[in-house]
Amino acid sequence: MDDMVARIHAKLSAACPEPVPRPRTFVRAPGGRRLGLPLGEQRVAAFEAVHGIRLPSAYRTFLREVGDGGIGPDCGLEPLTRWNIRDIPDARQRLGTTFALGPTGCVPEEWARLCADQEDPYGGTRPVVQRGGLEVTLLVITGPARGRLLDADLGNTAVPPVFHPAPDFLRWYEHWLDGLPQGRLAPDFRGQSRGSDEELIDQLAGSDSSCERLAAAYTLGSRPPLGSRARDVLLAALAGDPVRGVRMEAAKTLADVYTGVADALARALGDPDHWVRRRALVHLLRVTDDEPAYGSAARALLRDENPNVRMAAADLLGRAGWAS
């Protein structure tokens, strides 16, 4: 682990010098540091004693020798103290529960059985990254997958979580650093991916990881011009990806890179998720001024079931001159 810790320090310093400029999408440690100050053994042990658990060794090493919260994937690493027993009354019980799911080849079937048997199927895990809304990256504290990380939507247990391939927290974080474009952290970085256009298209079309699909959809937006295969895969993601964040990024990339996507964006106005409906309206109004063709569908959002969508629609349509 000592070699891995040294590599992480070196790669993080190269990717992002201190003081860190205020990034748009990242947790930043106090004082402009990349990461919060490392925690001493006493503080880590006190957290474990309060919750009646023992943290996985690689995560303990990260907290004690690298840092506590700060720059990391998506919205950044959550500090250990952000999630404590005062914030969540049943935290002791939740962390002490065994997370029964293992990283096997039949996760969807095992997950369905677990959800049917347990009221809280994510017991035994701790959020380490907020990815937006109720989408998080979890660290498994107890159970057969102890030490592994997985992506989950806490608001939709019908979608099974996806395990990261890295076997522990240190390797997972180093893998993220290795994946930074040109090894640097851009101010508006949000999980961008390395790779050729074709590799990113394959990733968006076929990856089991929602984080990888999201990163591919986002990164393709900075790669114009793109061909017809990328357009087809982005359209398919907008219409049918199970993760709303991927659908939202697909809508933005289509609007940024292609012409003639108004029909697809208009269909997305009927998406089951209200965030996607709002995003689709924003980009529809960017790519077309054809009110006769799309005005009726757009104005339907003035009667949307979600009040935030209704307010956004009133504002956007009013400024576009489409609101009668």
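The model is a predicted one. Its chain has 324 residues, of which 51% are buried, and its secondary structure comprises 14 helices and four strands.

- Among contacts with a separation of 6 or more, 60% are between residues 24 or more positions apart.

**Nonpolar cores**

- The largest nonpolar core contains 40 residues, and Leu-204, Leu-238, Tyr-258 and Leu-281 have the most contacts inside it.
- Two or more residues of this core come from each of the helices α7 (197-206), α8 (210-220), α9 (228-240), α10 (244-257), α11 (262-268), α12 (274-287), α13 (291-299) and α14 (307-320).
- Helix α10 provides the largest share of this core, with six residues.
- Another core, of 33 residues, lies apart from the largest one and includes Met-4, Ala-15, Leu-63 and Phe-169.
- Tyr-258, one of the residues with the most contacts inside the largest core, is in contact with Leu-226, Gly-227, Ala-230, Arg-231, Leu-234 and Thr-253 when neighbours within four places in sequence are left aside.

**The pair α10 and α12**

- The axes of α10 and α12 are 9 Å apart, and the two helices pack at an angle of about 0°.
- Because this angle is under 35 degrees, α10 is described as roughly parallel to α12.
- On the side of α10, the contact is made by Arg-244, Arg-247, Met-248, Glu-249, Ala-251, Lys-252, Ala-255 and Asp-256.
- On the side of α12, the contributing residues are Trp-275, Val-276, Arg-279, His-283, Arg-286 and Val-287.
- Sorted by class, the contact between α10 and α12 consists of six nonpolar, one polar and seven charged residues.

**Helix α8**

- Helix α8 is mostly covered, with ten of its eleven residues buried.
- These buried residues are Ser-210, Cys-211, Arg-213, Leu-214, Ala-215, Ala-216, Ala-217, Tyr-218, Thr-219 and Leu-220.

- Ala-298 belongs to helix α13 and has a relative accessible area of 0%, so it is buried.
- Beyond its neighbours within four places in sequence, Ala-298 is in contact with Leu-269, Leu-281, Leu-317 and Trp-322.
- Ala-298 and Ala-313 are 15 residues apart along the chain, and their C-alpha atoms are separated by 7.8 Å.
- Asp-290 is found in the loop between α12 and α13, where it is partly exposed because its relative accessible area is 34%.
- With neighbours within four places in sequence left aside, Asp-290 is in contact with Gly-295 and Trp-322.
- A distance of 9.7 Å separates the C-alpha atoms of Asp-290 and Trp-322, which lie 32 residues apart along the chain.

**Glu-18**

- Glu-18 sits in the loop between α1 (2-15) and α2 (41-51).
- Its relative accessible area is 43%, so Glu-18 counts as partly exposed.
- Residues up to four places away in sequence not being counted, Glu-18 touches Gly-32, Arg-33 and Arg-34.
- From C-alpha to C-alpha, Glu-18 and Arg-34 are 6.6 Å apart in space, while in sequence they are 16 residues apart.

Conventions: Residues are numbered from 1 along each chain as its sequence is written. This is a predicted model: local features need pLDDT of at least 70, side-chain atom pairs count only at pLDDT 80 or more; totals for chains, interfaces and linings use all residues. Side-chain values use heavy atoms; hydrogens and water are left out. A nonpolar core is a set of buried Ala, Val, Leu, Ile, Met, Phe, Trp, Tyr and Cys residues joined through side-chain atoms within 4.5 Å. Buried means under 20% relative accessible area, exposed over 50%, partly exposed in between (1.4 Å probe, protein chains only). Contact means heavy atoms within 4.5 Å. Axes are lines fitted to C-alpha atoms, for helices over the stretch in contact, and angles run from 0 to 180 degrees between N-to-C directions. Angles under 35 degrees count as roughly parallel, over 145 as roughly antiparallel, 65 to 115 as roughly perpendicular and the rest as oblique. Ala, Val, Leu, Ile, Met, Phe, Trp, Tyr, Cys and Pro count as nonpolar, Asp, Glu, Lys and Arg as charged, and the others, Gly among them, as polar.
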